[in-house]
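I opened this entry to keep track of what I looked up. My notes follow the order in which I went through the model.

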Amino acid sequence: MLASMSLRSVALCMLLASYVLNAIASPLDPSATDELVHTPGGMLLKSNVHTVPEGGKVVHSATEVRLLDADGAVLHVAPLKGAKPRFNLPNDPAIKPSLTSRNLQAATIAAIAQAPSVSGFQSNWALPPLPQVNSGQLLMYFAALAPPTVDALIQPTLQYGVSAAGGGPFWSLASWFITEDQAFVTNLTQLSPGSLTLDSFVVNEDEFLGSPGVHAWFTGFSSFPAAGLNVQTAEDFNVAIVALEITNAITLGNLPNTPTDIDEIFILETNGDSFSPIPWSLSNDTADGITINRLPRPFNGDETLFFQY
């Protein structure tokens, strides 16, 4: 049992290191002339980023990904190569989950954990204060689900700055689905600064689908319906990732000046049990003094992580 747990921990550490390294690099054709844009999964070609209409759905299979409108009409189809997942699991056991060679131009700070199964992944985010300095930086926070291969991501995202979804020097919300070189995103919702708690969720809705071997998911933020996104997948998504991705920052003044809390983190398994304690593996940008930290588990079973700058 101990050997099994040890091997699982090593695999998760390697997976986390792989995610952090590959979240910034994207499988792009360097000869392409299409404009590159920012997503919470790294840089992608602008033509490969698709806005999901209200009531639309993303359908992800082993061979292709489709975008459907509210009536089920196909708006976009892209084949999946499959041979090279977007986030690769490295074979080098020397790769460590804590990285020390980052810089604020491109940094990822993350926690990752794999559950036996996931029926729901929820967390509460305290809206951070606006950064004191705006110099064109992009900050993207998310609590995402991925399959064990981490070749796709369901990401309800809080952002500051401009991404492929739009934005500006303010906080905004959108939900993303990213796989290989394709991204799908809801319309952006701008937030007013102030005291606000954001309830982020990814929930499984297989009971409404009635199709064995296929999984249905709904993600977004409570009270912000425009950020809701329906996704259908062939893979089971059971890897939880809580992360901050930083792009084009110069100093710590480009970040919030107080820690960012993510509390009431809760993973519900498909059998109705709470997956607790969550065995997080953490990756910190120690070179820049940015870390993700775990508070001691409270009595109610919910967990708290926080980003320290």
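I began with Val 203. Leaving out residues up to four places away in sequence, Val 203 touches Ser 119, Gly 120, Ala 216, Trp 217 and Phe 218. Contact here means heavy atoms within 4.5 Å. Val 203 sits in strand β14 (residues 197-204). Helices (H or I, at least four residues) and strands (E, at least two) are DSSP runs, numbered from the N terminus. Is Val 203 buried, partly exposed or exposed? Its relative accessible area is 22%, so Val 203 is partly exposed. Buried means under 20% relative accessible area, exposed over 50%, and partly exposed in between (1.4 Å probe, protein chains only).

I noted the ground rules next. This is a predicted model, where local features need pLDDT of at least 70 and side-chain atom pairs count only at pLDDT 80 or more, while totals for chains, interfaces and linings use all residues. Residues are numbered from 1 along each chain as its sequence is written, and side-chain values use heavy atoms, with hydrogens and water left out.

Then I looked at the whole chain. I found two helices and 21 strands. Buried residues make up 50% of the 309 residues. Of the contacts between residues at least 6 apart in sequence, 65% join residues at least 24 apart.

I turned to the aromatic rings. How many aromatic pairs does a search of the whole structure find? It finds seven. Rings of Phe, Tyr and Trp (its six-membered ring) pair if their centres lie within 6.5 Å; planes under 30 degrees apart count as stacked, over 60 as edge-to-face and the rest as tilted. I picked out Tyr 141 and Phe 307, an edge-to-face pair with 5.6 Å centre to centre and 70° between the planes. The pair links distant parts of the chain: Tyr 141 is in strand β9 (residues 138-146), Phe 307 is in strand β21 (residues 303-308), and they are 166 residues apart. Both Tyr 141 and Phe 307 are buried. Ring pairs also join them with Trp 125, Tyr 160 and Trp 171 in a cluster.

I went on to the loops. Asn 48 lies between β2 (42-45) and β3 (49-51). Its relative accessible area is 13%, so Asn 48 is buried. Asn 48 touches Asp 181, Gln 182 and Ala 183, not counting residues up to four places away in sequence.

Last, I checked the backbone. Where is the cis peptide bond that I noted? It runs from Ser 276 to Pro 277, with omega near -5°. Pro 277 is in the loop between β18 (260-268) and β19 (281-283).

I also listed two positive phi values. Val 150 is not a glycine, yet its phi is near 50°. Val 150 belongs to the loop between β9 and β10 (152-163). Val 150 is buried, because its relative accessible area is 1%. Glu 264, also not a glycine, has a positive phi of about 50°. Glu 264 is found in strand β18. Glu 264 counts as partly exposed, because its relative accessibility is 44%.
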